[in-house]
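Me: I would like to go through this chain by question and answer. Please begin with the core.

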Amino acid sequence: MGKRLVVICAAVALVVALIALYISSWVTVVPPSVDAASVGPGGSGGAQLTLQTVAAVGPRLSSSRPHWVSYLVYRNGKWERSTNFTLPANSLVRVTVYNYDGESGLRNPYFSQPQGTTGGTEVVDGKTVRALDSPDYASHTFAIPGLGIFVPIPGVKDDAKNPCDTAPCALSNAHRTVTFSFRTGGKGRFRWQCFVPCAAGTITGFGGAMQTIGYMDGFVKVV
Ligand SMILES: [Cu+2]
């Protein structure tokens, strides 16, 4: 009886240790923070953040989750999988998002209009708009709730030619281009995330990539 108790206790301790290890690695392994490129003299100051969104991040950028949907950031001439960005305080931040992913649709149609951006608008494929024509066209959002910023990103149509299979995608692949700008305030650390249930194959589309830093959410550090 005593021996059996020892075995059970050891097994329980092992399981608890493994769960703790899993949670601690999930919480602490985060991608590095990427500085928004500063737009120097001639560019009227501020910063530029260049992103792409992809349907499958691929084995080169994520060996453990190659099929996950993801944001990528452009830094030093390459695309990197990081969703932690550093932005200058009290500055204008210009954002460009190249989206190579299809439409998933928003649960809450309210998010199909940009908020908190300069002029309350975004530019979709060269055209300034106050909202997507339909919440069903949304593929992802770039939202920093703590700064009141919500920007819907429309998806690539299913019949588009030359779709991108695996990231990083090139401009020769079918894509949508979204640009917008916003002003940062004082220093702080803010969560940002996508609000489109885009994580295919997870419960209600909000699991996996939608709740893991480094894919569909991250942090903005205003310094
Ligand atoms: Cu998304």
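Me: How many residues does the largest nonpolar core have?
Reply: This is a predicted model, in which local features need pLDDT of at least 70, side-chain atom pairs count only at pLDDT 80 or more, and totals for chains, interfaces and linings use all residues. Residues are numbered from 1 along each chain as its sequence is written. A nonpolar core is a set of buried Ala, Val, Leu, Ile, Met, Phe, Trp, Tyr and Cys residues joined through C-beta atoms within 7 Å. Val54, Val69, Leu72 and Met216 have the most contacts inside the largest one, whose residue count is 51.

Me: Which strands each supply at least two residues of this core?
Reply: Strands are DSSP runs of E with at least two residues, and helices are runs of H or I with at least four, both numbered from the N terminus. Those that each supply at least two core residues are S3 (47-54), S4 (70-75), S6 (84-87), S7 (92-99), S10 (138-144), S11 (149-154), S12 (176-183) and S14 (217-222).

Me: How many residues of S11 are buried?
Reply: A residue is buried if 20 or more other C-beta atoms lie within 10 Å of its own, exposed if 12 or fewer, and partly exposed in between, with C-beta atoms placed from the backbone. S11 is mostly covered, and of its 6 residues the number buried is 5.

Me: Which residue in S11 stands opposite Ala138?
Reply: Two strands pair if DSSP finds at least two bridges between them. S10 and S11 pair in the antiparallel sense over 6 bridges. In their hairpin, with 4 residues between the strands, Gly148 takes a positive phi near 70°. Opposite Ala138 stands Pro154.

Me: Why does Val57 count as buried?
Reply: Val57 is found in the loop between S3 and helix H2 (58-61). Its contacts, leaving aside neighbours within four places in sequence, are Ser62, Arg65, Pro66, Trp68, Ser70, Arg81 and Ala167, where contact requires C-beta atoms, placed from the backbone, within 7 Å. Val57 counts as buried because its C-beta neighbours inside 10 Å number 23.

How values were computed
Contact = placed C-beta atoms within 7 Å.
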